[in-house]
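Here is a short briefing to read alongside the sequence and the structure. Take a look at both, then work through the topics below.

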Amino acid sequence: MNRIWTVFQREYISRVKKKSFLLATILTPLVFPAIIAGMVYFVVADKKKSQQEVVKVLDESGKIRPESNSKYLYEFIEGDLEEAKTAFRESKDFALIYIPEFTLEKPDGFMYYSRQNPSLSTVSDFEKDFENIIREIKLETYQVDREVLEKLKTSVVLRTVNLSDEGEKESSAGIAYGIGYAGGFLIYILIFVYGGIVMQGVIEEKSSKIVEIIVSSVRPFQLMLGKVLGIASVGITQFLIWAVLLNIFWFLAIVVLGVNLGDGGMEAANAMSGSQEGLDDLGSDPRVMNIMNAIAGINFLKIGLLFIFYFFGGYLLYGALFAAVGAAVDSPSEAQQFMFPITIPIIASIFGLFFVLEDPNSSLAFWLSIIPLSSPVVMMGRLGFGVPTWELILSMVLLVGGFFFTIWVAGRIYRVGILMQGSKVNYKVLAKWFMTKM
Amino acid sequence: MELALEAKNITKHYTKHTALDDVSIQIPKGCILGLLGPNGAGKTTFIRIVNQIINPDLGAIRIFGESLAPKHIEWIGYLPEERGLYKKMKVGDQLLFLARLKGLPSKEAKVKIKYWMERFEVQGWWHKKVEDLSKGMAQKIQFISTVMHDPKLIILDEPFSGFDPINANLIRDEILRLRDNGATILFSTHRMESVEELCDQIVLIHQSKIMLEGEKTEIKSRYRSHTYVIESTDKISKLPGGFEIIKEVPLNGIAQFETHIKGGEGVSTNEVLQTIIKETEVISFREKLPTINDIFISIAGTNHE
């Protein structure tokens, strides 16, 4: 036990002390928003820069006269379609639209010609425009009163409420989806990142040849366990730093917004913190009300703790396997051949997550969140929607059992592998190592 | 005689071959035992078993009278053949880590490490990273890591492979000093001639079996071949009965000839001298003792190299 602790300390301290750890911890929360901001910037800049494109319209029906806007300049032409096509080919026009004679009830035969494949949104924009024009014509033709039509528009918002063991609380599918997506995806990425670090560490010990000195003092299993746990603690340290940073940013944002926006900002801030006064003002919009209540109804502490549990469990389960792969090879490039069986279940669980988010109560969701290989990622996806307690407990117990099992299997491969230098390894050899009596 | 290590009937099979076949070795306390044999003879397997890295299929080991158990790793200092250090770690931190794995408390470990660093004149290296050290410097650190916790039994696997001559001499002197201070030393090598002068005891292992064991001087006299080498100014033509010339080599110094002669049991070398001093001036006369390598070849029947 004492020696596991010594290994644990070395793994933890040597990593946390590194400059790269500090940089990654501080930069990661900045880099992703920066990348997204950069992309948004380019999209916006593109939109601003874009010139009005010329769209030729050959309208044989004489009914469609779309108005030019900032994006498209419509030029109406007459004559034969073939001639128009030829002219279009030689021109620099953006598109050519052909509208034949059509009946209001069943408009068809509209054509869109362009040099490149148009994007989905371009096509649907034009379609929507034409639909609106035809709708206007229909309103006229059928003599529908516009005012009556406006009154027919109805908006119904369902306030969704969970009736669970914990009592009555508001829920929001959107927020549950967001939590599930973020949590599941984060665990997926972290398993790969920290699993990779474990593998790297084992390969380093093996290739620097220090491992034989170490295993003369520590059982290989203790070395593996100390390493895996030490690196996990590096990860958890990183989360805690992020949590603190996030709270600081949150606080700063509220303070800065509050000062800049005056009363409105304060109200928003109040609403965020859930005070009744703030909610009353915004209460006129049931959607905002619903989201606010839903956020207030989420037990972030519980989700946070479960996140750490599932990260830890999933990481231990896969981390041990990554360690076994590291022990089997002499260099990272050789590791590739053994990565396949590890990456397949992780990637399968991220695909599973997308299905589960669509239908969190399906039997697929149940099984994927129970099986230890996929439960860390998939259960995060279900948490926001509410999971029956017994399912959660079953999943957690199986995950604990699962990582004990993989650590045992990996340990048997690891103890032989770390002492093998330069031997050619395949799956048959791994099986033999597993069976070897030391 | 107190035994530092007693291995009884150790057998270890791997899937395709037997690494050790009923091997028994006794190491008296306070001596240097050379475990000699060609590559693949089973030396490293034996050493790994003593270090409890692997377990024997059969047999038992006692260390200073106690049955070998995990707590005994504190008594052993081990320098493996495949040795290295964490490249990115500082020398001091690294030694501290290894000392703590051997069960030393941090405070005590620091004192011991400082002592050894001073002894090897590397006291300024505590904050150096291993990757910045030369190979010779790293070797010193590896040796310190083997002996810093005052082990009663020091196991060195091919200690001189890869060491430069200066370090090799330093380590050799250190090994002798440690022995004189009461440590027991087991070292293995396949280069028998290079270390035979260091050993008190020898175990010769070949194809998983012990071929020869005992005190070095006793073994050498047992395999004495009664061969003598004479350096002289003139060619030797006459010898007393029972002696024959087996080889003649011309030389270019004061001595012009080197003559190898072979006698037998019970014949006196003084007779030889009396005969030859009449015809030539004898520059030197010595008995040619067999090297361990010669003995090995005479036993195994083949040259292993």
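Buried residues make up 35% of the 305 residues in chain B, where a residue is buried if 20 or more other C-beta atoms lie within 10 Å of its own, exposed if 12 or fewer, and partly exposed in between, with C-beta atoms placed from the backbone. The model is a predicted one: local features need pLDDT of at least 70, side-chain atom pairs count only at pLDDT 80 or more, and totals for chains, interfaces and linings use all residues. Residues are numbered from 1 along each chain as its sequence is written, while chains are lettered from A and ligands numbered from 1 in the order in which they are written.

**Chain B overall**

- Chain B has nine helices and 14 strands; helices (H or I, at least four residues) and strands (E, at least two) are DSSP runs, numbered from the N terminus.
- The C-alpha trace of chain B spans about 75 × 45 × 35 Å along its principal axes.
- Of the contacts in chain B with a separation of 6 or more, 69% are between residues 24 or more positions apart; two residues are in contact if their C-beta atoms, placed from the backbone, lie within 7 Å.

**The sheet E2-E1-E4-E5**

- In chain B, four strands form an open sheet in the order E2-E1-E4-E5, with antiparallel pairing; two strands pair if DSSP finds at least two bridges between them.
- Its edge strands are E2 (18-28) and E5 (66-67) of chain B, each of which pairs on one side only.
- E1(B) and E2(B) pair in the antiparallel sense over seven bridges, and B:Lys12 stands opposite B:Leu20 in E2(B).
- Helix H1 (residues 43-50) of chain B lies across E1, E2 and strand E4 (58-63) of chain B, running at about 120 degrees to E1(B); axes are lines fitted to C-alpha atoms, for helices over the stretch in contact, and angles run from 0 to 180 degrees between N-to-C directions.

**The sheet E12-E13-E11-E14**

- Another open sheet of four strands in chain B has the order E12-E13-E11-E14, again with antiparallel pairing.
- The edge strands here are E12 and E14 (282-288) of chain B, and each pairs on one side only.
- Neighbouring strands of this sheet are turned by 20 degrees against each other on average, direction ignored.
- Strand E11 (residues 227-232) of chain B pairs with strand E13 (residues 257-262) of chain B in the antiparallel sense over six bridges, and the bridge partner of B:Val229 in E13(B) is B:His260.
- Strand E12 (residues 244-250) of chain B also pairs with E13(B) in the antiparallel sense over six bridges, and here B:His260 is the bridge partner of B:Lys247.
- E12(B) and E13(B) form a hairpin with six residues between them.
- E11(B) and E14(B) pair in the antiparallel sense over six bridges; in E14(B), B:Val282 is the bridge partner of B:Ser232.

**The helix pair H2 and H4**

- H2(B) and helix H4 (residues 135-147) of chain B pack at an angle of about 25 degrees, with their axes 9 Å apart.
- The two helices, H2(B) and H4(B), are therefore roughly parallel to each other; angles under 35 degrees count as roughly parallel, over 145 as roughly antiparallel, 65 to 115 as roughly perpendicular and the rest as oblique.
- The crossing of H2(B) and H4(B) is right-handed, a crossing being left-handed if the near helix is turned anticlockwise from the far one by less than a right angle, and right-handed if clockwise.
- B:Val91, B:Leu95 and B:Leu98 of H2(B) make the contact with B:Ile141, B:Ile144 and B:Ser145 of H4(B).
- Those contact residues of H2(B) and H4(B) divide into five nonpolar, one polar and no charged; Ala, Val, Leu, Ile, Met, Phe, Trp, Tyr, Cys and Pro count as nonpolar, Asp, Glu, Lys and Arg as charged, and the others, Gly among them, as polar.

**Where chain B meets chain A**

- In chain B, 21 residues are in contact with 17 residues of chain A.
- Helix H2 (residues 91-101) of chain B gives the largest share of the side that touches chain A, four residues.
- By class, that side of chain B has 11 nonpolar, five polar and five charged residues.

- B:Asn9 has phi near 50 degrees, a positive value in a residue other than glycine.
- B:Asn9 is found in strand E1 (residues 3-13) of chain B and is partly exposed, with 13 other C-beta atoms within 10 Å.
- B:Asp150 has phi near 50 degrees, a positive value in a residue other than glycine.
- B:Asp150 is in the loop between H4 and strand E7 (153-157) of chain B, and is partly exposed, with 16 other C-beta atoms within 10 Å.
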